[in-house]
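Morning, everyone. Let me put the structure up, and then we'll walk through two sites.

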Amino acid sequence: MIVAGFEFSLVVELSGISKSYGSVHALRNISLGVSEGETCVLIGPSGCGKSTLLRTVNGLVLPDTGTVRVDGETLNESNVQTIRHKIGYSIQDGGLFPHLSARENVVLLARDLGKPADSCRQRAEDLCELCRFPRHRLDALPGELSGGQQQRVSLMRALMLDPPILLLDEPLGALDPMIRAELQEELRQIIRNLGKTVLFVTHDLPEATHFADRIVLMRAGQIAQAGSFEELRNRPANDFVKQFVSAQESLTFRQKS
Ligand code: ADP
């Protein structure tokens with residue numbers, strides 16, 4: 001992609017993606033590119049297809065039509081596992097294995113790939129520092145950790161192999177407002193400092209604005225508009241965009257007043 005004379009390499013390229021579940025058209029002919037180091041936030045009403053779109057990128061959802069390219073490679077059955085190693089994935093509630101300790105959750109994939117135990121231990125400890133997780137809690141089970149700590153462990157797991165791409169599906173959605181605000185700031189710093197390419201799902205416009213280089217507003221399996229918050233607010237592509245932005249703004253105002 002070339003914008004104003006600068007060339008950006010697309011790390012994630014979705015072309016003509018459609019996916020139906022029976023009569024439900026979850027995704028309708030979506031094309032979207034995410035540039036290296038960009039944070040692209042998918043937002044929209046519940047059921048509009050955000051998670052389904054995210055999950056096409058790591059092959060957890062196979063589209064009916066269209067192609068997914070990751071780091072220049074077209075995703076297919078034979079390369080899906082190796083491509084997944086370039087992608088960290090974190091979901092709401094953390095999605096940790098409840099019977100494994102925090103440490104075991106973090107190192108699981110690296111150990112499966114045959115990485116030496118010593119380097120895994122060291123990497124887990126470095127990630128504690130990066131994600132501000134208390135080292136002495138590494139041997140706790142997820143159920144013994146707070147929601148915020150579980151989310152930190154989930155992020156550490158996503159970062160374990162130092163993937164260039166992160167898929168974050170409502171990663172802060174289950175947290176109470178104070179912890180959420182704290183983690184929003186820390187997570188943004190981590191993403192910026194590490195230079196990751198990020199696709200982030202949220203239903204909260206202030207959170208989208210906090211993280212996004214570009215907001216992609218979806219409706220009924222399609223992209224309603226993509227751009228900055230200011231573009232969506234000042235130059236809405238249609239009535240839906242206008243109503244979505246003003247409804248979220250009045251919700252934020254109500255919460256603050
Ligand atoms: P969002 O993340 O925006 O809330 P989803 O991507 O989870 O939306 O879902 C989009 C639509 O696809 C919804 O109508 C949902 O019910 C449907 N859907 C998603 N996954 C499945 C599935 N595995 N089986 C059947 N329907 C699904």
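Which elements each supply at least two residues of the shell around the ligand? They are β4 (24-35) and α1 (50-57). Keep in mind that this is a predicted model.

Let's stay with the ligand. α1 gives the most to the shell, with 3 residues. Around the ligand you'll find Tyr 21, Val 24, Ala 26 and Pro 45. Then comes the run Ser 46, Gly 47, Cys 48, Gly 49, Lys 50, Ser 51 and Thr 52, also around the ligand. By type, the shell divides into 5 nonpolar, 5 polar and 1 charged.

Now the backbone. A backbone N or O atom of Gly 47 sits 2.8 Å from an oxygen atom of the ligand. For Gly 49, a backbone N or O atom lies 3.0 Å from a ligand oxygen. A polar backbone atom of Cys 48 is 3.1 Å from an oxygen atom of the ligand.

Next, the largest pocket. It holds about 590 Å³ of space. Its lining has 24 residues. Nearest its centre are Arg 84, Ile 87, Tyr 89, Leu 109 and Arg 157. The lining residues divide into 12 nonpolar, 9 polar and 3 charged.

Where does this pocket lie relative to the domains? Domain 1 (8-86 + 164-257) and domain 2 (94-162) both give residues to its lining, so the pocket lies between them.

Key: Residues numbered from 1 in each chain as written. Predicted model: local features only at pLDDT ≥ 70, side-chain atom pairs only at ≥ 80, totals over all residues. Heavy atoms only, no water. 1 Å grid on protein atoms, 1.4 Å probe; cavity = no way out; pocket = protein on both sides within 12 Å on 5 of 7 lines; lining within 4 Å. Points joined across faces, edges and corners; volume = space filled by probe spheres on them. Nonpolar A, V, L, I, M, F, W, Y, C, P; charged D, E, K, R; others polar. Domains from an automatic or database assignment. Near = heavy atom within 4 Å. Polar contact = N/O pair within 3.5 Å; in protein donor to acceptor, adjacent residues only side chain to side chain. Helix = DSSP H or I, 4+ residues; strand = E, 2+ residues; numbered from the N terminus.
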